[in-house]
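Please look over the sequence and the model before reading on.

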Amino acid sequence: MRMELTLNSAAQSEQLSGIREFTYLVRATPGAIGFTIGEPDLNTPEAVKQAAKAALDANDTHYPPGNGYPATLEAISAFEEKEHGLRYSANEVILTDGATEALFVSFATVLNPGDEVIIPTPAFGLYESIVRLCRGVPVQLPTEKNRFQIDPAALERAITPKTKAIILTSPNNPTGCIYTKQTLDQIHAVLADRPIFVICDDVYRALVYSGEYHSFSEYQDMRDRIIVVQSFSKPYAMTGWRLGYLLADAPLRERLQVFHQYCVTSAPAFLQAGCVQALQEDVGPVRALFKRRRDYMYGRLTAMGWPCQEPEGAFYIFVDISKWSTDSRAFAKKMLAEAGVGVIPGVFFGTEGYVRLSYCYSDAELKEGLDRMERFIKTL
Ligand code: PLP
């Protein structure tokens, strides 16, 4: 007898990441230079590796406490206060398996079926997928006509009685833009008296190159509704370690740990010594390296006539291709086939007419890829 097997309809219908798919396509194209990857082309600092190795050798291989070792949580709490002026005590921290798990736990904890989440676009594609997997409804809030800043009037219009949360990503993936203090003040004015959670995805805040940086997490009068998501991946070149954390007001943190516990139990034990070490690393040289690359890539693109806004952080540039094409997927495929340069179509970030370039590449690769792009646009 044949049985009809049915899966969770959200899992059944959700597509796997388009960014990853495109990255593999570029890798499989002989001779192509890919400006696709969203991770530093650096190795994890030696001291961080040594700390984890020493912990492993000392048999730190048993179940750790669910939210992280007290020493790890204390180190994160102290780091956040010293570096960012944020006061979250050790019992307001959860060490997670990357920012990705922190995001999943956050949405899973705050959403009931049908709740809406405002996602300013362009945005990291993962948000929409996670929201849908948690039975929420993503609501896009386009920002491209407003220099990638959130327009408070548009935010007001996007809010409905079902709005449960908004995600703010600054510096942003894919634009590299940061929200100005004025934008944040305006968002705060709109949200202050509303029961809406604010998830601050600040995973790129260590990589800010220009401008004065502020995070929405500074609005501590709303601390009962704010969840800060952080990652070890980007500033310390630790993408493969899968470590991040979240910060939340104690009662909220108490509930956030439910999904965390039943999903992953804890972050790995012996890697936590690496986290504590990473928080003591000087990110200055990494920041200087990416700033130099940002200047080079932005300078070249602008000189060639590719319209784009100067990124202030992260390691991406979001380029407007609308004068050539409104189909970013077709455009990216054409550029890959004809010029041998891979970029990520803007549609994967919810915004058509753009492509994202990453500058996590060597000087030689950046020069060669940009030379190819210069020749390519002359053929359009
Ligand atoms: N948030 C943003 C904005 C990202 O760009 C990424 C990764 O690219 C993540 C979160 C996920 O980071 P992690 O490697 O810590 O899961």
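This is a predicted model: local features need pLDDT of at least 70, side-chain atom pairs count only at pLDDT 80 or more; totals for chains, interfaces and linings use all residues.

Met1, Met3 and Leu5 make up a nonpolar patch on the surface. Taken together, these residues have about 500 Å² of accessible area.

Leucine 5 belongs to the segment that comes before α1 (9–13). The relative accessibility of leucine 5 is 72%. Since exposed means over 50%, leucine 5 counts as exposed.

Threonine 44 is found in the loop between β1 (33–34) and α3 (46–57). Its relative accessible area is 12%. The limit for a buried residue is under 20%, so threonine 44 is buried.

Which residues are in contact with threonine 44, leaving aside its neighbours within four places in sequence? They are Lys49, Tyr236, Ala237, Met238 and Trp241. With tryptophan 241 there is also a polar contact between side chains, at 3.1 Å. Threonine 239 is 195 residues away from threonine 44 along the chain, yet the C-alpha atoms of the two are separated by 8.9 Å.

Serine 233 is placed in the loop between β7 (226–231) and β8 (244–248). Is serine 233 buried or exposed? With a relative accessibility of 5%, serine 233 counts as buried.

When neighbours within four places in sequence are left aside, the contacts of serine 233 are Pro40, Met238, Thr239, Arg242 and Leu243. Met238 is in contact with serine 233, and Met238 is also in contact with threonine 44.

## An open sheet of three strands

An open sheet is built from 3 strands in the order β9-β12-β11, and the pairing is antiparallel. β9 and β11 (344–345) are at the edges of this sheet. Each of them has a single partner strand, so one side of each has no neighbour in the sheet.

How many bridges join β9 and β12? The antiparallel pairing of β9 with β12 (residues 354–358) runs over 5 bridges. Among the facing residues, valine 319 stands opposite valine 355 in β12, and aspartate 320 stands opposite tyrosine 354 in β12. In a regular strand, side chains alternate between the two faces of the sheet.

Terms used:
Residues are numbered from 1 along each chain as its sequence is written. Side-chain values use heavy atoms; hydrogens and water are left out. Patches are made of residues with over 30% relative accessible area and no salt bridge: like charges are joined within 9 Å, nonpolar side chains (Val, Leu, Ile, Met, Phe, Trp, Tyr) within 5 Å. Accessible areas come from the Shrake-Rupley method with a 1.4 Å probe; for residues, only the protein chains shown count as cover. A salt bridge is a side-chain nitrogen of Lys or Arg within 4 Å of a carboxyl oxygen of Asp or Glu. Helices (H or I, at least four residues) and strands (E, at least two) are DSSP runs, numbered from the N terminus. Buried means under 20% relative accessible area, exposed over 50%, partly exposed in between (1.4 Å probe, protein chains only). Two strands pair if DSSP finds at least two bridges between them. Contact means heavy atoms within 4.5 Å. A polar contact is a pair of N or O atoms within 3.5 Å; within protein, one must be able to donate a hydrogen and the other to accept it, and residues adjacent in sequence count only if both atoms are side-chain atoms.
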